[in-house]
Amino acid sequence: MWCKINDNDVVVNLNKQSCCEVSLAVSYYAGVDVGSVSCKAAIVDASKQLLASAIVPTGAYCREAALQALSAAIERARVNPNDLAVVVATGYGRDNVECRAFSVTEITCHAVGAIHLFPKTRLVIDVGGQDCKAIRVDERGTVIDFVMNDKCAAGTGRFFEVMAKALGIELEDFGEISLKASKQIKLSSVCTVFAESEVISLIARGERVENILLGLCLSAAERVKKLAQKVGIIEEVTITGGVARNIGFIEALSKLLGVRMNIPEEPQIVGAIGAALIALEKSEWM
Ligand SMILES: Nc1ncnc2c1ncn2[C@@H]1O[C@H](COP(=O)(O)OP(=O)(O)OP(=O)(O)O)[C@@H](O)[C@H]1O
Ligand SMILES: [Mg+2]
């Protein structure tokens, strides 16, 4: 099966069959993480070296977005698409990755990715667009317990997106601005909708934006801490997911947990890296 994105893009001609057929001859492995907000792809070689990655917004068409991410990663890695031995899909939209050899849960992929980057990891905290997960792993990287947020945006990327919009700031600047706060504001609402109203009231009262941002980081961090406590806060703690790019949230969470956290260089692609490493491992069995 040929998966064509558009006339200018790389054409990916992979399916389960071709992945298996070429697995003995070549040595590149891909992971595609189809998240609620963004699709991430990572490509590793046989020595577990990350060759390239790509992040694209998921939007309404996750099938196409997944292919776009994979194509971009293939292009950046400068590998021939035919040399991809195995593609493993993860994330909530994983079953939309047509060329996958198989799917693996995000829990496992984030654990494998985090352990690969920080071998002493015992607790992984993944804060994505709509999910927040705390995952306990043992010394071999096996998942021994995990917990996820219920259907609530508090303490997820969505919470930060709504608040950034309400305050008229770029999400990318959220953390940096919050670090300039001169006082700590405690928000009384955890719910995203009520917290947004509270933020609007604080602005109307003349409260400084940086102080409100710090209050929001602390509120989200409090929520994530409660979740992590359910599986146990054991060092080393590694944080993954796009929200780990918010330095204000990271500092607030680190302070509340009372531990220093491992922050990957690119926290958003850790699940995709995990999926690519599983693809490599499984290729030995295919
Ligand atoms: N530069 C940045 N600064 C701050 N936050 C960011 C940045 N980039 C992304 N984010 C946050 O990361 C979130 C997306 O993270 P991620 O890609 O891990 O989510 P996802 O995997 O699509 O979602 P889920 O795992 O919940 O399905 C966005 O909602 C946004 O809040
Ligand atoms: Mg995710």
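1. In this predicted model, 8 residues of domain 1 are in contact with 10 residues of domain 2. On the side of domain 1 that touches domain 2, α3 (106-117) and α9 (270-283) each supply at least two residues. That side of domain 1 divides into 3 nonpolar and 5 polar residues, with no charged ones.

2. Which residues make up each domain? The assignment gives 16-108 + 270-283 to domain 1 and 119-263 to domain 2. Taken over C-alpha atoms, the centres of domain 1 and domain 2 are 28 Å apart.

3. Look next at α9. Its 14 residues should span 20 Å at 1.5 Å a residue. The end C-alpha atoms of α9 are 20 Å apart, which agrees.

4. Helix α9 is largely enclosed by the rest of the structure, because 12 of its 14 residues are buried. Among the buried residues are V270, G271, A272, I273 and S283. What covers the buried residues of α9? The cover includes the strands β1 (28-34), β2 (38-45), β3 (50-57), β4 (84-90) and β9 (237-240). Helix α3 is also part of that cover.

5. Now the ligand. Ligand 1 is surrounded by 23 residues. The closest are G35, G128, G129, G157 and G242. By class, the shell around ligand 1 holds 12 polar, 6 nonpolar and 5 charged residues.

6. Where does the shell around ligand 1 come from? Domain 1 and domain 2 each provide at least three residues. Helix α4 (residues 157-167) gives the largest share of this shell, 4 residues.

Key:
Residues are numbered from 1 along each chain as its sequence is written. Chains are lettered from A and ligands numbered from 1 in the order in which they are written. This is a predicted model: local features need pLDDT of at least 70, side-chain atom pairs count only at pLDDT 80 or more; totals for chains, interfaces and linings use all residues. A residue is near a molecule or strand if its C-beta atom, placed from the backbone, lies within 6 Å of it. Ala, Val, Leu, Ile, Met, Phe, Trp, Tyr, Cys and Pro count as nonpolar, Asp, Glu, Lys and Arg as charged, and the others, Gly among them, as polar. Domain bounds come from an automatic or database domain assignment. Two residues are in contact if their C-beta atoms, placed from the backbone, lie within 7 Å. The expected span of a helix is 1.5 Å times one less than its number of residues. A residue is buried if 20 or more other C-beta atoms lie within 10 Å of its own, exposed if 12 or fewer, and partly exposed in between; C-beta atoms are placed from the backbone.
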